[in-house]
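Student: I have just opened this structure and would like to learn to read it. Could you take me through it step by step?

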Amino acid sequence: ADRLPVTSSRDDEAAEESVHLTLSLHPGPRAVAFVGLPPAGAVGNALAHGVEQVVLIVEDAVLARLAQDEFPDFSRERLQVVIEDARRHLAAHAAAYDAVLVDVGEPSSVRFNRFFTAELFQIAKGALRAGGILSVALPGHSAFAAEESRRLHSAVRTTLAARRASS
């Protein structure tokens, strides 16, 4: 709808980065939720950690169907694709997940900013089991970030830190 490219091909490096560190920090993840459409290959990487259930929460049914048609990773047997508002789904599934991975792009518009609010982080915390991990993926940079990227990343960090301090 916004004419931004979603994906062009499988990106194994991005898929690994979006999953392995988070799930390696958990002693035994069994259920994982992705908010947004992760890189193709991310679901398989989650299952490689012994995860029994992967839930993909996507608000756009057309995007979900396209991903399932084009990438086998999004049609795996242990994957449940949920077409629903992420806040609503997470709020309705208290203590259901060992990890919630938010992978929706940068908070550069109202559409994406709502995935990086204190309210969403609090709802996601409620959807986590004891010892669960909330992971937020932001586009990285190796040596230099533009001022806007630094500001956006700092805002997300500050929001997460405030949420953690109030817990």
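Student: How many bridges join β1 to β2, and do they run parallel or antiparallel?

Tutor: Welcome! This is a predicted model, in which local features need pLDDT of at least 70, side-chain atom pairs count only at pLDDT 80 or more, and totals for chains, interfaces and linings use all residues. Residues are numbered from 1 along each chain as its sequence is written, and side-chain values use heavy atoms, leaving out hydrogens and water. Helices (H or I, at least four residues) and strands (E, at least two) are DSSP runs numbered from the N terminus, and two strands pair if DSSP finds at least two bridges between them. For β1 and β2 the direction is parallel, and the number of bridges is 5.

Student: What hand does the unit of β1, α2 and β2 have?

Tutor: A crossover is right-handed if, with the strands pointing away from the viewer, the path from the first strand over the helix to the second runs clockwise. The β-α-β unit made by β1, α2 and β2 is right-handed.

Student: Which residue in β3 is the bridge partner of V55?

Tutor: β2 is also joined to β3, in parallel, by 5 bridges. With α3, these two strands make a right-handed β-α-β unit. The partner of V55 in β3 is Q80.

Student: How many of the residues of β2 are buried?

Tutor: Buried means under 20% relative accessible area, exposed over 50%, and partly exposed in between (1.4 Å probe, protein chains only). On that scale β2 is mostly covered, and the count of buried residues is 5 of 6.

Student: Why do the buried residues of α3 line one face of the helix?

Tutor: The buried residues of α3 are L63, A64, A67 and Q68. The arc is that of the directions from the helix axis to the C-beta atoms. An α-helix has 3.6 residues a turn, so residues three or four places apart point the same way. Here the buried residues of α3 line one face because they fall within an arc of 135 degrees.

Student: What do the buried residues of α3 pack against?

Tutor: The other side of α3 carries exposed residues, V62, D69 and E70. The buried residues of α3, in turn, pack against β2 and β3.

Student: What arc do the buried residues of α6 cover?

Tutor: In α6, residues 118–127, the buried ones are L120, F121, A124 and A127. These residues sit on the same side of α6, as they cover an arc of only 115 degrees.

Student: Is S18 buried or exposed?

Tutor: S18 is placed in helix α1. Leaving aside neighbours within four places in sequence, S18 is in contact with P39, A42, L101 and D103. With 10% relative accessibility, S18 counts as buried.

Student: What is phi of A95 near?

Tutor: A95 lies in the loop between α4 and β4, and at 43% relative accessibility it counts as partly exposed. Most residues other than glycine have a negative phi, and most peptide bonds are trans. A95 instead has a positive phi, near 50 degrees.

Student: What share of the residues of the chain count as buried?

Tutor: Stepping back, the chain has 7 helices and 5 strands. Among contacts between residues at least 6 apart in sequence, 72% join residues at least 24 apart. Of the 167 residues, the share that count as buried is 41%.

Key:
Contact = heavy atoms within 4.5 Å.
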